[in-house]
Amino acid sequence: MHSTILGTGSYLPEKILTNKDLEQFIDTTDEWITTRTGIKQRHVAADTDTTADLATRACRNAMESAGLTPDQIDMVIVATATSDDAFPSTASRVQHALGLRNIVAFDVSAACAGFNHGLSIADQYIKTGFAKIIIVVGCEMLTRVVDWADRSTCVLFGDGAGAVVLGASDTPGVLSTHLHCDGSQHGILYAPNTLVQKNADSPFVKMEGREVFRHAVTRLGELVDETLAANNLTKNDIDWLIPHQANIRIIQAMAKKLDMSMDKVIVTVDAQGNTSAASIPLALDIAVRDGRVKRGDLVLLESFGGGLVWGSALIRY
Ligand code: COA
């Protein structure tokens, strides 16, 4: 038994915050943000929205594209670093909002690599026959957990959600998944839960940008080699790279590592900023809908985030 992607969906909030808008209230410039990160704008959720609302819209969109109704879904996995509640899971809200049966629903916490983790878990459940159809959704409201007075982090993040419907199949869609964690580097990218950690100073995202950058390029490079080797493939076999969208310079480094021209890389970081667990399924959905990624294409998904965690999936779409 294999798993394959049956449908994709996404949701981006209407409100857009450009770099020029940011210039109005923090000490930054469009030029600095663009040259260091590639980001030009990000989407910001409405005050009335929850993370689960964003996820639900993306899931509906994905179910529609797969031609499935709520009674056909066996499991929902939500990847998020910005859950609405400390407990229960955002997945329980999404399950209810989508009108699903009393199926398994849970959250995965793996920061920006959350979607890769959710996809890998879903793939295992389908391969073992425990479930036939699983929704995996990455959803974030990172604009709620950044300190808008900290220019080194607040310019980087955005809100959004992306989902895939994964289904059982005779032919392989998800060819392999690879996940890693180096907990010794926990302190270079994190957002403390200040209700639990009494000594933490603020709940906002804290990041040592240069260190994160250095680790990301090294680890993702290793991951690309690991993924290709596991499938007996070479760089030339990959049709599309869909990387986590944190920084255009990290994305370019991965394209170079794969000897890929940038027109074979799906880039959304300019328009969306870093949407953490949502970035890969958002980019996949855009590329599927605009016709770049076609059935049969070999697609490499890779991500890196706080933990540190990193993960990949090689997919025959
Ligand atoms: N606007 C203007 N100046 C800024 C700024 C902003 N928004 N943010 C920081 N600066 C300043 C700093 O204060 C510093 O000034 P100084 O030299 O006078 O002290 C200078 O720019 C350089 O800061 P630094 O943090 O060293 O910049 P950088 O080249 O490393 O770029 C990042 C910063 C965050 C863009 C980069 O490190 C990065 O992308 N890291 C990886 C982040 C990432 O991927 N995170 C998510 C992983 S999932």
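This is a predicted model: local features need pLDDT of at least 70, side-chain atom pairs count only at pLDDT 80 or more; totals for chains, interfaces and linings use all residues.
An N or O atom in the side chain of Arg 36 lies 2.6 Å from an oxygen atom of the ligand.

For Arg 151, show the backbone: one of its polar backbone atoms is 2.9 Å from a nitrogen atom of the ligand. How much of the ligand does the protein bury? Taken alone, the ligand exposes 960 Å², and 74% of that is buried by the protein.

Now widen the selection to the shell around the ligand. There are 22 residues surrounding the ligand, and the closest of them are Thr 28, Arg 36, Arg 151, Arg 210 and Asn 247. Coloured by residue class, the shell splits into 10 nonpolar, eight polar and four charged residues. With a surface drawn over the protein, look for the second largest pocket, which is the space the ligand takes.

Colour by secondary structure to see where the shell comes from. Two or more shell residues are given by each of helix H2 (30–37), helix H6 (151–154), helix H7 (209–230) and strand S12 (298–305). Which element gives the most? H7 does, with four residues. Then colour by domain: domain 1 (2–171) and domain 2 (175–316) each supply at least three residues to the shell around the ligand.

Select Phe 87 and Pro 88. The peptide bond from Phe 87 to Pro 88 is cis, with omega near -5°. Pro 88 sits in the loop between strand S4 (75–79) and helix H4 (90–97).

For another cis bond, select Gly 307 and Leu 308. The peptide bond joining Gly 307 and Leu 308 is cis, and its omega is about -15°. Where is Leu 308? The loop between S12 and strand S13 (309–316) holds Leu 308. S12 is also among the elements that give two or more residues to the shell around the ligand.

Finish with the phi angles. Select Ala 111, in the loop between strand S5 (104–108) and helix H5 (114–127). Ala 111 has a positive phi of about 45°, although it is not a glycine. Then go to Ser 276, in the loop between helix H9 (269–272) and helix H10 (279–289). Ser 276 is not a glycine either, yet its phi is positive, at about 50°.

Technical notes:
Residues are numbered from 1 along each chain as its sequence is written. Side-chain values use heavy atoms; hydrogens and water are left out. A residue is near a molecule or strand if one of its heavy atoms lies within 4 Å of it. A polar contact is a pair of N or O atoms within 3.5 Å; within protein, one must be able to donate a hydrogen and the other to accept it, and residues adjacent in sequence count only if both atoms are side-chain atoms. Accessible areas come from the Shrake-Rupley method with a 1.4 Å probe; for residues, only the protein chains shown count as cover. On a 1 Å grid over the protein atoms alone, a cavity is a set of points where a 1.4 Å probe fits but cannot get out, and a pocket is an open set with protein on both sides within 12 Å along at least five of seven lines; lining residues have an atom within 4 Å of a point. A molecule sits in a cavity or pocket if more than half of its atoms lie within 2 Å of its grid points. Ala, Val, Leu, Ile, Met, Phe, Trp, Tyr, Cys and Pro count as nonpolar, Asp, Glu, Lys and Arg as charged, and the others, Gly among them, as polar. Domain bounds come from an automatic or database domain assignment.
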